[in-house]
Amino acid sequence: MSIQADVRRITAPEIRARKGGDPIVSLTSYHAHTAQLLDRHVDVILVGDSLGMVMHGLETTVPVTVEMMIVHGRAVVRGTRRALITVDLPFGSYEASPVEAFHTATRVLKETGAGAVKLEGGRRMAETVRFLVDRGIPVMGHVGLTPQAINTLGSFKARGRDDAEASEILDDARAVAQAGAFSIVLEAIAEPLARRITEEVAPPTIGIGGSPACDGQILVLEDMLGLGARVPKFVKKYAELGPAIEDAVARYAEEVRARTFPGPEHTYAPRAPKAS
Ligand SMILES: Nc1nc(=O)c2c([nH]1)NC[C@@H]1CN(c3ccc(C(=O)N[C@@H](CCC(=O)O)C(=O)O)cc3)CN21
Ligand SMILES: CC(C)C(=O)C(=O)O
Ligand SMILES: [Mg+2]
């Protein structure tokens, strides 16, 4: 009998095999506690570079470093046993060459224990995706709106809404699929395009603002929990935790100021003297 707990991590090949089957459920997480809450309910947890904006107050994902991804990635792996953990490679850590990407990806997998990496870009990154996959690194692709390119794109608006741009994104998705990605994130693209890509490519597509046509869905956890101040159009809020947290903090502040917290039940009494 095995001394291992009877849970086993979902693998990248298992996600790959879900094409056209049960929808793939994914959310982001950046720390152990939320990751543990997600673990029984989602197939893939993405440690997204959105952590720079959500956790660190940055305006874009451009300044996010490999060290930040490793610190949060490690915490998420520790908090989970079942979900496939995928870590974003941050801007500037992989684009220059397949060799650079290999060094960054191996460092991320070794230092976090994650099972896969994600990188942004279509045709221009296809050679790199192939290079990594051939060397044992499962890669999730990401096309459509690629936030790391914000400075050349100019804004976080939806992509592929005219024929010319749609055809570029279709070619991007084909290239990443052909290169061996085990799944592809389609971010903020029009529905007919998402449907066409999903029908054409072999790996499952995972949408974020990518329509119901995708093989799975992902959202940023804090956005769907109602913690984010402003959220993109594609977000559905499943809770309003922002106001709930503010209410709790306000009541705590009031009780501290009124000296009604801590109560006797939160206060230590001296130990009874030892009988001798
Ligand atoms: N919290 C959070 N959620 C995300 O989904 C997310 C991040 N951060 N950071 C990384 C990228 C950036 N993303 C974003 C960010 C903003 C919009 C947004 O505000 N879109 C507007 C239109 C903006 C415009 O037209 O200029 C929208 O209404 O959807 C979309 C995607 C998606 N990712
Ligand atoms: C939004 C998802 C797909 C992502 O790349 C991130 O969270 O960084
Ligand atoms: Mg990202």
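Here are a few notes on this predicted model, going from confidence to fold to ligands.

1. Ground rules. Residues are numbered from 1 along each chain as its sequence is written, while chains are lettered from A and ligands numbered from 1 in the order in which they are written. As the model is predicted, local features need pLDDT of at least 70 and side-chain atom pairs count only at pLDDT 80 or more, but totals for chains, interfaces and linings use all residues.

2. Confidence. Mean pLDDT (the predictor's confidence in each residue, from 0 to 100) is 96 for the chain, with 97% of residues at 70 or more. The model's ipTM is 0.96 and its pTM 0.95.

3. Overall build. You'll find 11 helices and eight strands, taken as DSSP runs (H or I, at least four residues, for helices; E, at least two, for strands). The C-alpha trace spans about 80 × 50 × 35 Å along its principal axes.

4. Ligand 1. Its shell has 14 residues, with Ser50, Phe156, Lys157, Pro232 and Lys233 the closest; a residue is near a molecule if its C-beta atom, placed from the backbone, lies within 6 Å of it. That shell splits into seven nonpolar, four polar and three charged residues.

Technical notes:
Nonpolar A, V, L, I, M, F, W, Y, C, P; charged D, E, K, R; others polar.
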